[in-house]
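I opened my notebook to look at one structure, with strands and aromatic rings on my list. Here is what I looked up.

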Amino acid sequence: MSSEEGKLFVGGLNFITNEQALEDHFSSFGPISEVVVVKDRETQRSRGFGFITFSNPEYASDTMRAMNGESLDGRQICVDHVGGNYRDNYDN
């Protein structure tokens, strides 16, 4: 199993959404092994996207189907498998 199989891209995040909020929102789908909100190197402000890694890739697939297009902290989010077409669909 590739380490990327259970990893999801989450785009369109509100700039106030942090790792804990992201984990809280997605943990109902299954055990999460890693949560990262990507931040600007200089300002440490969120760049509006992040990644969630589930311990089981099946959880990631179910989560992607359930959460893509849903609202989180007042913003519609884009959820896709890492390596998917999220770069084509994501406009922050």
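My entries below go from confidence to strands to rings.

**Entry 1: confidence**

I noted at the start that this is a predicted model. I looked up the pLDDT next. Its mean over the protein chain is 89. I also saw that 87% of the residues reach 70 or more. Then I checked residues 86–92, where the pLDDT is below 50. Beyond near neighbours in sequence, that stretch has 15 contacts in the model. I keep a rule in mind here: where pLDDT is low, predicted coordinates should not be read in detail.

**Entry 2: a pair of strands**

In which sense do strand β2 and strand β3 pair? I found them antiparallel, with six bridges. Strand β2 covers residues 32–39, and strand β3 covers residues 46–54. Across the pair, I saw valine 35 opposite isoleucine 52 of β3. I then looked at the hairpin that β2 and β3 form. Six residues lie between its strands. Glutamine 44 in this hairpin has a positive phi near 65°.

**Entry 3: aromatic rings**

How many aromatic pairs does a search of the whole structure find? I noted three. One of them joins phenylalanine 9 and phenylalanine 51. Their centres are 5.9 Å apart, and the planes make an angle of 65°. I wrote this pair down as edge-to-face. Phenylalanine 9 is in strand β1 (residues 7–11), while phenylalanine 51 is in strand β3, so the pair ties together parts that are 42 residues apart in sequence.

Next came phenylalanine 49 and phenylalanine 51. Their ring centres are 6.1 Å apart and their planes stand at 90°, so I logged this pair as edge-to-face. I saw that ring pairs link Phe9, Phe49 and Phe51 into a cluster.

**Entry 4: buried or exposed?**

Phenylalanine 49 counts as buried at 17% relative accessibility. Phenylalanine 51 is at 18%, and I marked this residue as buried. The cut-off I used for buried is under 20%.

**Entry 5: charges over rings**

Which residue lies over the face of phenylalanine 51? I found lysine 7 there, 5.2 Å from the ring centre. I also looked at phenylalanine 15. Arginine 45 lies over the face of that ring, at 4.1 Å from the ring centre.

Note on methods. Residues numbered from 1 in each chain as written. Predicted model: local features only at pLDDT ≥ 70, side-chain atom pairs only at ≥ 80, totals over all residues. Heavy atoms only, no water. Pairing = 2+ DSSP bridges. Helix = DSSP H or I, 4+ residues; strand = E, 2+ residues; numbered from the N terminus. Phe/Tyr/Trp six-rings, centres within 6.5 Å; stacked < 30°, edge-to-face > 60°. Buried < 20%, exposed > 50% of the residue type's maximum accessible area, 1.4 Å probe, protein only. Lys NZ or Arg CZ within 6 Å of the ring centre and 35° of its normal. pLDDT = per-residue confidence, 0-100. Contact = heavy atoms within 4.5 Å.
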